[in-house]
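Thank you all for coming; I would like to walk you through a structure that may be new to you. Please have a look at it first, and then I will go through it part by part.

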Amino acid sequence: MKRSLLGFFIFPLIFSCSNSFFNSNSKKESQIIHLNEEIYRNNLPNVLEKDIFPFSNVQEYSLFVRNFVDSNFEKDISDVYSFFKITKKLPKYTFNKVQNLNFFECEGAEYLYDDNKIISFTSNPSEEMFEKYKNFYKKYYPNFKDVLEERIHYYIKHEAGHYFYDMRSNELNAKNIFKDVNEKNVKQCYLYDVVLEGVAEYISCKGEIPFTAKFIDKDTLLCTDSLNKYYLYSTGFYLVKPILDLNFKRGIDLLIENPLEEKDLSCLKNYQDRILGLMKN
Ligand SMILES: [Zn+2]
C-alpha cells in the first residue's frame, strides 16, 4: 500500500470500519479534530491551506466513490492476495447509505460477517453530513481526490483481509467468534476486534508499519493501556506483525485456533509470545 498521503495516514485513527467502539462510544467531534490537527501539524507543517475540493455535490461525490470501487476492487484484492499467496475467491460487494458516521467518514466499508461474505461500502451521505465533510477536507487536505483514492484502496484491501480471515476460520472449523460479539462490554469488543483489525491492517499494508503505528510505542500498546480504543488498529498490527512476518499462513491459523482471551488483555505481549512459541513446534 502506498503511504504517501498525509490524509490517508491520519485516517486510520478515526475510521470505524467494523469496529464497534467507534459506533457505540465515539469521542466528540472537537476532540477528533484536535487529534487530527495535532498529527497534521507535526507531520506536514508547510502544507498550505487550499480551497480544493473536487466535488460540488453529494451526487458527484457518491458517483466517484462507486466508480472508483468498481474499477479497483478486483485489482486491489488480487494485489494483496498474490502478495500473501492467498487463493480465495473474491468477496462480493455492495453499496449502502452512510449511517451514524461522522464528517470524516462519508465513505467507508465494512465486512459483513453474517451476510454472505459481502463487503459493504458506504457512499451516499446526507447533504448535511456532506457539507461538514467538505468543509473539513477543504481546510486540511490540499489534494483531497488523491487522499480519497488512497483511502478507498485501503478500504478494499483492509476488508479483504477480514474476508480472508473469516474464510480461513470456516475452513478450520474454528469457533465463529465474529458472530458471538456481545457489544455491551467494551473489553469484550476489544477482545474480539484487536486481532481481527490487526490482521486486516497487516494484510492491507502488506506487513509494513502503518503510519499511525509509527508514532506509538508498541511496548506500551501491548502491555499497558491495551484497551485504548483509538489505538485498536495499531495495537492489533503490532500484536500480529511478528507472528505473520515469521510465517503468514501458519500465523493466521494459530491466531484463529488460539483466540485471545480476557486474561491476555493485561499484557498482549504475553499472548504474542505464546503464539510465537507455538510456531516453533
Ligand atoms: Zn476492520
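What you see is a predicted model, in which local features need pLDDT of at least 70 and side-chain atom pairs count only at pLDDT 80 or more, while totals for chains, interfaces and linings use all residues. Residues are numbered from 1 along each chain as its sequence is written.

The secondary structure of the chain comes to 12 helices and 3 strands, where helices (H or I, at least four residues) and strands (E, at least two) are DSSP runs numbered from the N terminus. Of the 281 residues in the chain, 40% are buried; a residue is called buried if 20 or more other C-beta atoms, placed from the backbone, lie within 10 Å of its own.

Let me take the strands next. Strand β1, residues 92–97, pairs with β3 in the parallel sense over 6 bridges, and K97 stands opposite N124 in β3; pairing here requires that DSSP finds at least two bridges between two strands. Strand β2, residues 108–112, runs antiparallel to β3 and is joined to it by 5 bridges, with E110 opposite S120 in β3. Strand β3 itself, residues 118–124, has 5 of its 7 residues buried, so it is largely enclosed by the rest of the structure.

Leaving aside neighbours within four places in sequence, V240 is in contact (C-beta atoms, placed from the backbone, within 7 Å) with V195, G198, V199, Y202 and L255.

How much of α10 is buried? The count is 12 of its 15 residues, so this helix too is largely enclosed by the rest of the structure, and the buried residues include F237, V240 and L244.

Definitions and conventions
Contact = placed C-beta atoms within 7 Å.
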